[in-house]
Amino acid sequence: MSGLAAAGVMTAAGPAAADGTPRSQGGATATIGGLKTYGTAVIHDEGGDFEVSAGLFEMSVDGGGMLQTYCVDVHTPTQKDAKYHETPWSGTSLGTNEHAGKIRWILQHSYPQVNDLAALAAKAGVRNLTEQDAAAGTQVAIWRYSDGPDVDAVNPEAEKLADYLHAHARDLPEPQASLTLDPPAVSGHPGERIGPVTVRTDASSVTVTPPANAATTGVRITGEDGRPVTSAVNGSRLFFEVPGEDAKGGEVSGGGGGTATLTVQASTTVPVGRAFTSDSRSQTQILAGSSESTVSATASATWAAHGAIPALSASKNCADGGVDITVDNKGDESFTFQLLGTGHSVAAGASETLTIPLQEDQAYDFTIEDPNGVGRRFSGVLDCRTRGSETGAATQTLGEPSPAIVAAGEAGGTNLAATGGTSTTPLMAAIGLSLLVLGATALSIVRKKKAPTER
């Protein structure tokens with residue numbers, strides 16, 4: 001049996017970046033810049049009526065590009081300069097929201113996708129519609145499906161638009177990712193092509209960057225025909241070609257055991273309706289518009305001459321309330337390991353997905369070490385529900401850099417701004433997460449399947 005060391009920590013601290021481990025499944029990463037085009041809405045709840053800024057955020061994309069987004073969690077603050085990454089709906093509150101498809105419809109049939117405001121006003125039965133009113137009305141309609149609050153736009157024109165969009169919305173499917181590699185991790189033996197890794201993208205083409213250690217390992221990235229590739233398109237199947245023996249039968253540098261990572265990158269417009277999340281517990285965003293933007297994805301390969309050869313990857317699973325860890329063992333021995341005090345074994349030639357159940361807002365940070373001694377670190381925060389869906393969710397008091405907000409009818413009332421946070425917000429979050437840590441966390445195997453034999 002081949003052993004593996006693993007360590008897991010559920011922590012209230014912000015997770016550090018994982019060396020060599022992608023933070024997301026690919027696509028665009030961006031920094032939020034705050035509200036840019038917005039109006040005002042009023043949320044009616046048991047505590048009273050509260051005004052809130054409602055409209056479009058802007059994000060600057062790493063590598064170039066701009067995004068426009070609406071939020072889908074009105075009761076959660078937006079942290080200043082928070083880092084966001086493109087995320088499948090399954091890793092957000094949208095994954096369990098039966099109305100997620102209607103939100104996408106609203107995005108495609110309103111501002112800024114529809115920038116003819118006169119035509120949009122005519123459909124909604126509005127005489128005049130400004131950009132601010134269009135953004136506010138669109139955001140209010142989205143909130144009614146994402147959070148379910150009793151919310152109205154302050155401006156009558158914006159309210160009419162919100163009513164029109166809410167009433168006419170229809171279900172649409174989740175848009176495909178701007179760029180991903182599937183699967184994000186593969187494994188095999190030296191002397192063979194390891195893969196395939198399939199490119200999924202809406203870009204016309206992507207550039208393929210070989211592993212940084214290609215010169216020392218001899219690893220090449222090839223297509224199905226075995227020829228080295230520097231570019232690919234949607235549906236392309238890429239392989240890691242790992243050398244085995246030289247002409248004299250001696251083992252070359254990459255032939256024993258090791259790992260390598262390839263990167264693909266493209267410039268494209270990110271599809272409307274893609275979700276964006278942040279590990280800083282900044283409110284989840286949904287894409288309303290994109291300039292030509294830089295997107296990227298990575299995939300890793302692990303190889304060994306014998307023993308266990310696991311490919312490890314992770315993704316958030318909001319339907320089951322946890323993080324899925326997929327182990328694909330292409331070796332000739334079982335892959336055994338301890339994680340969070342529980343022992344597991346994945347048989348030779350088998351693939352298993354294990355779900356780590358977590359509580360909402362719980363931070364996780366754990367490393368799994370493969371037989372080569374290379375650790376794969378997975379970290380983040382489980383953010384699967386809007387605060388409005390939680391029992392007893394309270395309106396939060398927020399401060400700069402949000403626009404000035406005053407509670408309707410109450411000079412000293414609680415404010416709900418769309419961005420920023422008070423000095424007490426980090427402390428409150430840390431206390432809440434610390435309490436969540438006290439809950440027992442178990443690891444369970446939720447589904448098993450025989451590993452594919454395709455080479």
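Biologist: Why is D45 called partly exposed?

Modeller: This is a predicted model, so what follows is computed from its atoms. D45 has a relative accessibility of 31%. Buried requires under 20% and exposed requires over 50%, so D45 falls in between and counts as partly exposed. Its place is in strand β2, residues 29-45.

Biologist: What makes D45, E46, D49 and D150 a patch of negative charge?

Modeller: Asp and Glu count as negative, and the four residues of this surface patch are D45, E46, D49 and D150. A patch takes residues with over 30% relative accessible area and no salt bridge, with like charges joined within 9 Å. At 31%, D45 passes that accessibility cut-off.

Biologist: And V381, why is that one called buried?

Modeller: V381 has a relative accessibility of 6%. The limit for buried is under 20%, so V381 counts as buried. V381 is found in strand β24, which spans residues 375-381.

Biologist: Let's turn to the cysteines. How do you know that C318 and C384 form a disulfide?

Modeller: Their sulfur atoms are 2.0 Å apart. The cut-off is within 2.5 Å, so the pair C318 and C384 qualifies as a disulfide. By this rule the count comes to one disulfide.

Biologist: Which parts of the chain does the pair link?

Modeller: C318 is in the loop between β18 (310-317) and β19 (322-329), while C384 is in the loop between β24 and α6 (425-437). The two are 66 residues apart, and the pair links distant parts of the chain. Both cysteines, C318 and C384, are buried.

Biologist: Why is the disulfide of C318 and C384 called left-handed?

Modeller: The torsion about the S-S bond is about -80°, so the C318 and C384 disulfide is left-handed.

Biologist: What makes C71 buried?

Modeller: Its relative accessible area is 2%.

Biologist: Are R281 and D361 buried or exposed?

Modeller: R281 has 11% relative accessibility and D361 has a relative accessible area of 15%. Buried means under 20%, so R281 counts as buried, and so D361 does too.

Biologist: Which peptide bonds are cis?

Modeller: Among them is the bond from Y111 to P112, with omega near 10°. P112 lies in the loop between α1 (100-108) and α2 (117-124). Another is the bond from G195 to P196, with omega near 0°, and P196 has its place in strand β9, residues 193-201.

Biologist: How do you know that R274 and E174 meet in a salt bridge?

Modeller: Their N to O distance is 3.4 Å. The cut-off is within 4 Å, so R274 and E174 count as a salt bridge. The pair links distant parts of the chain, 100 residues apart: R274 in the loop between β14 (257-268) and β15, E174 in the loop between α4 (156-168) and β7 (179-182). R274 counts as buried at 4% relative accessibility, whereas E174 counts as partly exposed at 33%.

Biologist: What makes D383 and R281 a salt bridge?

Modeller: Their side chains meet at 3.3 Å, N to O. With the cut-off at within 4 Å, D383 and R281 therefore count as a salt bridge. D383 is in the loop between β24 and α6 and R281 in the loop between β15 and β16, 102 residues apart. Both D383 and R281 are buried.

Biologist: Which residues are linked with R281 in a network of salt bridges?

Modeller: D73, E360, D361 and D383 are linked with R281 in that network. The structure holds 15 salt bridges.

How values were computed:
Residues are numbered from 1 along each chain as its sequence is written. This is a predicted model: local features need pLDDT of at least 70, side-chain atom pairs count only at pLDDT 80 or more; totals for chains, interfaces and linings use all residues. Side-chain values use heavy atoms; hydrogens and water are left out. Patches are made of residues with over 30% relative accessible area and no salt bridge: like charges are joined within 9 Å, nonpolar side chains (Val, Leu, Ile, Met, Phe, Trp, Tyr) within 5 Å. Accessible areas come from the Shrake-Rupley method with a 1.4 Å probe; for residues, only the protein chains shown count as cover. The place of a charge is taken as NZ of Lys, CZ of Arg, CG of Asp or CD of Glu. Helices (H or I, at least four residues) and strands (E, at least two) are DSSP runs, numbered from the N terminus. Buried means under 20% relative accessible area, exposed over 50%, partly exposed in between (1.4 Å probe, protein chains only).
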